[in-house]
Amino acid sequence: MFKSAFFAVSVMLLVYGLTARAQTSTPLATHIGTATGKVRDTAQNYILKSATVSIYKAADSSLLSYQITNNYGEFKFKNLPVNLALRLQISNIGYGTARKDFKIPEGKNTIDLQTVVMTRQEILLEDVVISVPPITMNGDTLEFNASAFKLDSNATVEDMLKSIENVTLWGDGKITVNGAEVKSLKVNGKSFFGGDAKLALQNISKDALQKVQVYNTAKDISKPLDSTLEMNLKLKKGKDIGYFGKIGAGYGTRKRFETDASFNMFTPKMQLALVGAINNINKIPGSVGNMMVNSTYKGVGTNIGYQPDFRMSGINRTSAAGASFTYNFIENPEYERKSTLRGNYFLQGMDSDELSDVLSTTIVNANEKIFENNRSTTSSNTTTHRFDSQYEYAQPGKSLNISQALNVNQGESMNQTLRSAGNLSNPLTSTNNSVNTNTHTNKSFNLNGSYRYYPYISMKRFRGFNLDYQLSANQGDSKQSNQTSFKSFINPAENRDFDRRYNTRTEGLQQSFGLTVQDIKSLIFGDMKLAGINIDLTNNLSLRSNKNDNEVEDLDTLTKNYRPNVYLNNSVQTTVIEETPGLSISKGFYKNLSNRFNKGIRLSFQPKVLFIAQENKSDRSFQNINRRYNRIAPDASINMNDSQDSEYYRSLNINYNTTLQTPDIQQLAPLTDSTNLYFLQRGNVNLKAAVQQQVILNFNHYDQRNKNTFNYDFLFSFGFVKRTITDSSLLDDQNRRTVYLVNAEGKRFMNLRIGFNKALKFKSSELQFNAGGGLNADRNPSYMNNVFTYSSNLNTNMNAGINYTLKSILAVALTQNFDTYNSKQEAFDTKYSGKNISTTLSSNYNLTKRLTLNSNISFNQSSSSNAENINFTIWNANATYRFLKGNNLELKLSALDLLRQNNNVINYGGYNMYTVGTRNVLQQYFMTTVSYYPRQFGKKKKG
């Protein structure tokens with residue numbers, strides 16, 4: 001920790017020095033002043049809110065600052081140069097541009113520009129526009145004009161947004177405008193290659209952009225406070241046709257390699273992406289979208305997050321390829337008009353080799369503990385195919401959404417496990433070693449459909465309905481061989497050897513139907529207000545069917561032939577029907593003053609009844625169990641919103657819900673496999689359904705100031721479970737564990753999440769602070785060797801970060817993570833604890849527009865009860881140089897795990913057991929990578 005603190009302080013001093021040097025090099029930082037004023041209409045003499053006010057240097061018309069007038073027509077500029085000729089320019093839709101030259105007196109450092117009167121456009125005789133206003137209000141849409149921001153010719157949209165005072169790009173990828181989070185980003189009104197913001201921001205050239213539009217959208221016009229913020233990138237005419245991508249390859253020491261390719265082309269109606277990658281450095285692409293995001297033009301040079309995963313266990317060789325296709329049947333979608341088809345195909349193959357060595361300690365009572373050493377070696381290879389598609393259709397008053405996903409996963413694996421057990425009296429009481437081989441093929445298909453019908457308010461009685469349908473089908477085929485040897489060092493007569501083969505086939509089908517009829521009060525009572533109460537009718541129906549066929553054979557040691565296992569051979573089918581009819585009763589109270597504030601509170605109560613029928617059919621008579629469950633399970637919520645224009649937005653949501661947890665056949669009456677004597681699970685046909693009741697409170701605060709925003713939020717939930725299903729374990733001195741499931745009372749749980757972030761924007765730099773934490777506490781009842789006890793567990797997670805950027809020259813990030821776990825067994829008066837600490841320092845320094853140096857250092861510490869501390873440091877560094885006019889060709893030299901200390905630590909605990917250990921991981925190597933980024937926006941000019 002001393003090292004991490006030393007590095008952190010050193011870097012912050014360096015940043016401070018660079019900032020001070022940058023600031024002292026310009027007179028703007030040492031001689032600053034303030035300019036204020038008001039804007040009014042010349043004809044009506046009323047104030048003009050949302051007018052664009054810009055400040056320029058009079059000498060060269062370079063932009064210094066800008067803002068929009070508040071609700072009182074006022075503006076106020078700080079950090080302006082003193083005793084320098086400046087020009088004020090004010091523009092507004094329907095008015096001519098107003099200009100005023102001024103100079104801030106050196107002695108007073110402040111000036112009041114009084115009231116600036118604007119003239120309507122139709123009576124304007126002559127107007128010479130100095131420059132395009134950087135920011136305007138077009139109705140309810142905030143627009144940033146790209147031509148007002150002068151950047152490098154190779155700049156992207158992301159570079160432009162970073163230079164806008166009102167916009168903050170956070171380190172985790174989140175975007176906020178005036179403090180409010182952007183929930184969706186579009187290009188020319190349409191989703192751009194799946195909707196991930198990085199694909200648009202880090203690939204689209206700033207020169208191809210006309211303007212950035214920010215606006216609120218509400219899916220339900222009856223709930224205006226539920227609107228979300230969207231951002232749209234409007235491209236210049238002719239720039240909506242183009243392509244971008246990446247082709248890269250690298251090779252390094254220890255035979256490490258990586259190759260990846262991505263090609264993306266788009267037209268006003270169509271988007272097509274082709275991707276591929278092969279590597280053996282633990283870069284695991286999870287989808288086509290993930291591969292596209294990791295191949296952006298700007299991201300590779302500045303993104304310090306996309307690195308080989310040195311925390312991932314094992315050595316993994318991955319190959320992947322895929323395609324993404326989008327077709328917009330409506331070329332220029334208008335409000336509530338959409339017709340879009342999307343499709344993705346993804347193929348992935350993975351070979352993995354993993355080694356692990358762990359020690360688990362089980363607390364039996366106040367004076368006895370069982371220790372289990374587990375050494376495991378696993379080799380596997382899998383191939384995954386995934387095809388998914390989605391069709392969206394929307395017209396005023398109705399919408400249709402249909403999506404499907406088909407997955408096929410097949411592969412084989414081999415696992416060898418050496419397990420030994422001991423206690424406080426004997427270091428070795430038994431061993432349980434096994435060798436397993438497995439081949440499998442799994443298929444799944446999912447279909448989702450939803451239809452929304454919401455006619456206009458003019459249709460008095462019928463207000464619409466929502467219809468949802470979901471289908472899920474799966475099929476699996478697995479063949480497994482298991483050789484297990486149990487050896488007792490206390491009683492050799494209890495030694496057991498197994499050589500068993502399994503052939504398992506599974507089939508599953510689930511369908512669910514959901515219907516909501518909106519505002520049945522109007523449907524029944526017409527125009528009667530009934531105190532403004534809204535009542536929706538809801539019903540959900542779920543049908544589930546699962547079938548398992550198990551063929552099991554044991555080796556006959558005399559004949560050397562495999563014979564059927566009469567007990568484990570079985571076929572069982574489970575059918576579950578669940579229906580939940582109910583009502584949703586709500587009442588809203590709203591208050592607003594145009595351009596000042598908007599407040600509201602909505603109270604909701606959802607009474608509903610759960611009807612569950614479970615039927616099990618099996619070759620074993622004791623598994624033929626039929627159950628019926630009926631319960632009233634009401635939900636309730638309180639939603640409050642408070643929005644003060646140009647100041648803040650706050651929301652508070654309180655929700656109460658009730659759920660029923662029913663036992664399945666594997667909990668009621670399983671067929672116990674005797675090969676794993678360290679864990680034998682028995683059933684209990686007397687198990688009852690558990691009832692969980694939970695309260696969730698969520699609060700959010702967002703600044704709506706144009707800069708230096710401070711946002712925070714917290715989530716608190718607590719609840720209890722009646723008749724929770726828990727373990728009753730019988731554990732002997734040889735670590736043979738038999739687990740019976742029982743109902744017990746007294747389960748409690750509580751969760752807390754807190755987070756905040758603060759951004760400080762300066763003239764040429766930005767400083768971001770973020771911090772958060774979580775706490776999970778629970779009290780779980782259980783039995784250990786017929787002794788009832790409560791296990792009180794407390795897990796915490798705390799993180800904090802500082803991100804500093806200096807123009808496009810320097811980026812520094814310091815993050816700290818601190819995780820702990822604590823557990824106490826009340827009946828035995830025993831407890832244990834552990835913690836994991838990680839400090840990461842990342843930096844990205846652009847020596848020139850072409851040469852970049854990058855470093856990432858992570859200090860890690862892990863400790864646990866009765867175990868030695870593990871400390872290790874991961875240091876990765878690389879140098880990148882880009883060639884050609886468009887910086888399209890890149891050469892990168894990488895040095896990873898420079899100190900060769902990387903480790904994968906296992907450290908967790910809960911209930912009456914804690915586990916510590918290590919796994920094999922990727923370690924030091926050096927690599928050279930060459931990449932090319934083809935980019936073009938608009939048709940190529942002839943000649």
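Reader: What is the relative accessible area of R563?
Author: This is a predicted model, in which local features need pLDDT of at least 70 and side-chain atom pairs count only at pLDDT 80 or more, while totals for chains, interfaces and linings use all residues. Residues are numbered from 1 along each chain as its sequence is written, and side-chain values use heavy atoms, with hydrogens and water left out. Buried means under 20% relative accessible area, exposed means over 50%, and partly exposed is in between (1.4 Å probe, protein chains only). R563 counts as partly exposed because its relative accessible area is 45%.

Reader: Which residue meets the side chain of R563 in a salt bridge?
Author: Side chains of opposite charge can pair when their charged atoms come close. A salt bridge is a side-chain nitrogen of Lys or Arg within 4 Å of a carboxyl oxygen of Asp or Glu. For R563, the N to O distance is 2.8 Å, and the partner is D556.

Reader: How many salt bridges does the structure hold?
Author: The pair D556 and R563 is a salt bridge. So is the pair E258 and K283, at 3.0 Å from N to O. The total for the structure is 28.

Reader: How many residues apart in sequence are the parts tied together by E258 and K283?
Author: Helices (H or I, at least four residues) and strands (E, at least two) are DSSP runs, numbered from the N terminus. E258 belongs to strand β16 (residues 257-266), and E258 is buried at 9% relative accessibility. K283, also buried with a relative accessible area of 9%, is in the loop between β17 (270-279) and α5 (288-293). Because of these positions, the pair ties together parts whose separation in sequence is 25 residues.

Reader: Which residue forms a salt bridge with E578?
Author: E578 is partly exposed at 22% relative accessibility and lies in strand β27 (residues 570-593). Its partner is in strand β25 (residues 533-556), so the pair ties together parts 34 residues apart in sequence. With the closest N and O atoms 3.5 Å apart, the partner is R544.

Reader: Are the rings of Y832 and Y914 stacked, edge-to-face or tilted: which is the pair?
Author: Rings of Phe, Tyr and Trp (its six-membered ring) pair if their centres lie within 6.5 Å; planes under 30 degrees apart count as stacked, over 60 as edge-to-face and the rest as tilted. By this rule there are 30 aromatic pairs. The centres of Y832 and Y914 are 4.6 Å apart and their planes stand at 40 degrees, so this pair is tilted.

Reader: How many residues apart are Y832 and Y914?
Author: Y832 is buried at 3% relative accessibility, and Y914 is buried at 5%. Y832 lies in strand β42 (residues 830-846) and Y914 in strand β47 (residues 913-919). The pair links distant parts of the chain, and the separation is 82 residues.

Reader: Which residue does a polar contact join to the side chain of R919?
Author: R919 lies in strand β47 and is partly exposed, with a relative accessible area of 30%. A polar contact is a pair of N or O atoms within 3.5 Å; within protein, one must be able to donate a hydrogen and the other to accept it, and residues adjacent in sequence count only if both atoms are side-chain atoms. At 3.5 Å, the side chain joined to R919 is that of E354.
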